[in-house]
Amino acid sequence: LVGERTALINQLRAFLLERGIIVPQGRRKLELYLETLLAAEQVSLSPRTRLLIEDQQAEWRELDRRIEAFDEEFAQEAKTDEAARLLLTIPGIGPLNATALVAAIGKAETFGRGRDLAAWMGLVPRQMTTGGKPKLLGISKRGNGYLRKMLIHGARAALPTLSKSETPLGSWLRGLTARAHVNTVVVALAAKLARIICAVLRTGQKFEIQAATVS
């Protein structure tokens with residue numbers, strides 16, 4: 001549904017652009033612009049064009065309604081499920097991530113260690129050996145692509161706050177940020193979150209940032 005909404009918004013932008021109307025980036029900015037445009041007494045659009053925009057607006061509102069309903073359902077499920085509640089204590093993990101993870105891996109009993117979960121999500125680096133020397137490449141991107149994408153999004157959202165924290169994890173992130181590209185740091189944090197997720201699910205204990213290690 002989110003993908004459908006994004007496609008609809010892009011279609012609306014292209015539709016307006018063909019008529020010489022450029023709207024700043026951002027879903028909310030486009031929404032406000034359309035409200036102002038259609039509310040104006042003098043609209044530089046033909047009646048047919050106006051009807052098309054209003055029709056797309058109605059479709060957009062219906063998608064918003066359906067997405068919000070699912071979000072509320074996931075949030076309620078995350079509150080009532082014990083494993084999901086534990087995952088919500090981890091930075092970067094919200095109701096969508098928590099419920100998806102519980103649905104996919106349960107209590108992570110099939111994974112021997114946290115790195116196995118990170119590997120299953122495709123978050124560990126590939127290796128190539130040249131002349132007997134191993135060389136690390138990009139992440140493997142194997143396994144569950146949806147969970148990997150969601151975890152990377154969560155890591156990107158949590159990075160600013162975590163990197164400022166006076167914790168072992170914050171210190172590790174600051175050091176990594178000083179020598180690596182931000183996208184590399186985000187993926188590294190996502191892999192770290194996968195390890196934390198595994199530990200939280202297997203032990204049944206909530207995440208404590210002060211006690212988190214970076215090994």
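Mentor: Start with α7 and α8, whose axes come within 7 Å and cross at roughly 105°. Axes here are lines fitted to C-alpha atoms, for helices over the stretch in contact, and angles run from 0 to 180 degrees between N-to-C directions. Helices (H or I, at least four residues) and strands (E, at least two) are DSSP runs, numbered from the N terminus. The two helices are therefore roughly perpendicular to each other, given that angles under 35 degrees count as roughly parallel, over 145 as roughly antiparallel, 65 to 115 as roughly perpendicular and the rest as oblique.

The model is predicted: local features need pLDDT of at least 70 and side-chain atom pairs count only at pLDDT 80 or more, while totals for chains, interfaces and linings use all residues. Numbering runs from 1 along each chain as its sequence is written, and side-chain values use heavy atoms, with hydrogens and water left out.

On the α7 side of this packing, Leu 159, Leu 162, Ser 163 and Lys 164 meet Leu 169, Gly 170, Leu 173 and Arg 174 of α8; contact means heavy atoms within 4.5 Å. By class, four of the residues in the contact are nonpolar, two polar and two charged. Ala, Val, Leu, Ile, Met, Phe, Trp, Tyr, Cys and Pro count as nonpolar, Asp, Glu, Lys and Arg as charged, and the others, Gly among them, as polar.

Now the pair at the start of the chain. The axes of α1 (residues 2–17) and α2 (residues 27–39) come within 11 Å and cross at roughly 50°, so α1 and α2 are oblique to each other. Their crossing is left-handed, meaning that the near helix is turned anticlockwise from the far one by less than a right angle; clockwise would be right-handed. Arg 5, Ile 9, Leu 12, Arg 13 and Leu 16 of α1 meet Arg 27, Leu 30, Leu 34 and Leu 37 of α2. That contact has six nonpolar, no polar and three charged residues.

Asp 71, Phe 74, Ala 75, Glu 77 and Ala 78 in α3 are in contact with Pro 95, Leu 96 and Thr 99 in α5. Here the residues divide into five nonpolar, one polar and two charged.

In α5 itself, Asn 97, Ala 98, Thr 99, Ala 100, Leu 101, Val 102 and Ile 105 are buried. Buried means under 20% relative accessible area, exposed over 50%, and partly exposed in between, with a 1.4 Å probe and protein chains only. The cover over these residues includes α3 (47–80), α4, α6, α7 and α9. After α5 comes Gly 106, with a positive phi near 60°. Ala 108, in the loop between α5 and α6, also has a phi near 60°, a positive value in a residue other than glycine. Most residues other than glycine have a negative phi. Ala 108 is buried, with a relative accessible area of 0%.

A nonpolar core is a set of buried Ala, Val, Leu, Ile, Met, Phe, Trp, Tyr and Cys residues joined through side-chain atoms within 4.5 Å. The largest one has 43 residues, of which Leu 87, Ile 90, Leu 123, Leu 151 and Ile 197 touch the most other members. Two or more residues each come from α4 (82–87), α5 (95–105), α6 (114–120), α7 (145–164), α8 (168–179) and α9 (182–203). The largest share, 13 residues, is from α9.

Not counting residues up to four places away in sequence, Leu 87 touches Ile 93, Ala 98, Leu 101, Val 102, Ile 197, Val 200 and Leu 201. Apart from this core lies another of 15 residues, among them Ile 9, Phe 15, Leu 45 and Ile 53.

Leu 117, in α6, is buried with a relative accessible area of 0%.

For the whole chain, the secondary structure comes to nine helices and two strands, in the order α-α-α-α-α-α-β-β-α-α-α. Of its 215 residues, 37% count as buried.
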